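Take a look at the protein below.

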Amino acid sequence: MKRKVCFVSLGSLPLLTSNQNLHYAGGAELKQIQLARELLKQQYTVSVVVHDEKNMQKTKDFEDIVLVKSFPSSQDIGFLKKITLLWRSLKQADADIYVQATYPPGIVALYCFLHRKIYIKWLSSDKSVSLQDVTQRTTLVTKLSLYFDIKLASVIIGQNQYQKETIEKKFRKKCVVIKNPVTILEGPPGCSQKKEHTVLW
C-alpha cells in the first residue's frame with residue numbers, strides 16, 4: 001500500500017499551474033515541490049494543500065500531484081473561516097504524513113496531534129526557532145503557534161546549524177539539518193554540447 005504524503009504549502013500553486021497571474025511562490029515552496037516530485041518517483045501518493053484560486057489548471061509536469069484547495073490568498077475572509085477551510089483541506093487530503101514549511105503556524109500541528117498523524121516541520125527561516133520576527137512585532141498568538149509547531153512535530157528539519165542547535169537546546173527536540181535542494185541542469189541553458197567543466201557563479 002502506498003504511503004500518502006501531504007505538503008501543506010499554500011503558496012505553491014504558481015509552481016503547479018499554468019496561471020500566469022500568480023506570483024507569490026518563494027524558496028520554501030520550491031523546495032517542497034522538488035521533494036514532492038522525488039517522492040512521486042518513489043511511488044508515494046502526493047498531495048499539496050494550496051490556496052483556492054481561479055483557473056487552477058495543473059501543468060503536465062505535475063499531473064500526478066493531487067491539489068487540495070483551502071482558502072483564497074486574498075485577505076477578505078476572516079481568520080476563523082480560514083482555519084475552518086484549512087482544517088477541511090487537511091481532512092480531505094487524508095494523508096499519513098503532513099509536511100509544512102510556511103504559514104499558517106499551529107493549525108497543521110494540532111490537526112496531526114489530534115488525528116495521530118505524522119507531522120514534519122521543515123523550518124523555513126530562523127524566525128521559526130526564535131519565535132519572533134526581525135522586522136515587525138510578533139503577537140503572542142503567533143509565538144504560541146510557532147512554539148506548538150515545534151513541540152508537536154514528529155520530525156524537525158532545519159536548514160542550518162544555528163537552527164539545529166537552537167531547537168535542541170531551547171526546545172529539547174531532535175533536529176535534522178537538510179540543506180536546501182538545488183536542481184542541477186544537464187548543461188548551461190543554450191548549450192548543445194556537454195562541457196567538461198561548469199562554473200556556478
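Start with one proline. Pro105 sits in the loop between strand S4 (97–100) and helix H4 (107–115). Helices (H or I, at least four residues) and strands (E, at least two) are DSSP runs, numbered from the N terminus. This is a predicted model, in which local features need pLDDT of at least 70 and side-chain atom pairs count only at pLDDT 80 or more, while totals for chains, interfaces and linings use all residues. Residues are numbered from 1 along each chain as its sequence is written, and side-chain values use heavy atoms, with hydrogens and water left out.

Setting aside residues up to four places away in sequence, Pro105 touches Ser145, Leu146 and Asp149. Contact means heavy atoms within 4.5 Å. Lys143 is 38 residues from Pro105 in sequence, yet their C-alpha atoms are 9.1 Å apart in space.

**Aromatic rings**

A pair of aromatic rings is described by the distance of the centres and the angle of the planes. Here, rings of Phe, Tyr and Trp (its six-membered ring) pair if their centres lie within 6.5 Å; planes under 30 degrees apart are stacked, over 60 edge-to-face, and the rest tilted. The structure holds four aromatic pairs. One of them joins Trp87 and Tyr111, edge-to-face, with 5.1 Å between centres and 80 degrees between planes. Trp87 belongs to helix H3 (residues 79–93) and Tyr111 to helix H4, so this pair ties together parts 24 residues apart in sequence. Trp87 is partly exposed at 26% relative accessibility, whereas Tyr111 is buried at 3%.

Tyr147 and Phe148 form another pair: their ring centres are 5.7 Å apart and their planes meet at 70 degrees, so this pair is edge-to-face. Tyr147 is partly exposed at 32%, and Phe148 is partly exposed at 40%. There is also a cluster: Trp87, Tyr98 and Tyr111 form one aromatic cluster.

**Charged pairs**

Side chains of opposite charge can pair when their charged atoms come close. A salt bridge is a side-chain nitrogen of Lys or Arg within 4 Å of a carboxyl oxygen of Asp or Glu. The structure holds four salt bridges.

Asp94 is in the loop between H3 and S4 and Lys4 is in strand S1 (residues 4–8), so the pair ties together parts 90 residues apart in sequence. Asp94 is partly exposed at 42%, and Lys4 is partly exposed at 25%.

Lys164 and Glu168 both lie in helix H7 (residues 161–171), four residues apart, about one turn of the helix. Lys164 is partly exposed at 21%, and Glu168 is partly exposed at 34%.

**Nonpolar cores**

A nonpolar core is a set of buried Ala, Val, Leu, Ile, Met, Phe, Trp, Tyr and Cys residues joined through side-chain atoms within 4.5 Å. The largest has 28 residues, and those with the most contacts inside it are Val8, Val49, Leu86, Leu90, Tyr98 and Ile167. S1, H3, H4, H6 and H7 each give two or more residues to this core. Its largest share, five residues, comes from H4.

**Helix H7**

Which residues of H7 are buried? They are Gln163, Thr166, Ile167 and Phe171. Viewed down the axis of H7, its buried residues fall within an arc of 100 degrees, so they line one face of the helix. The arc is that of the directions from the helix axis to the C-beta atoms. The cover over these buried residues includes helix H5 (127–130), H6 and strand S6 (155–158). After H7 comes Arg172, whose phi is positive, near 55 degrees.

Note on methods. Buried means under 20% relative accessible area, exposed over 50%, partly exposed in between (1.4 Å probe, protein chains only).
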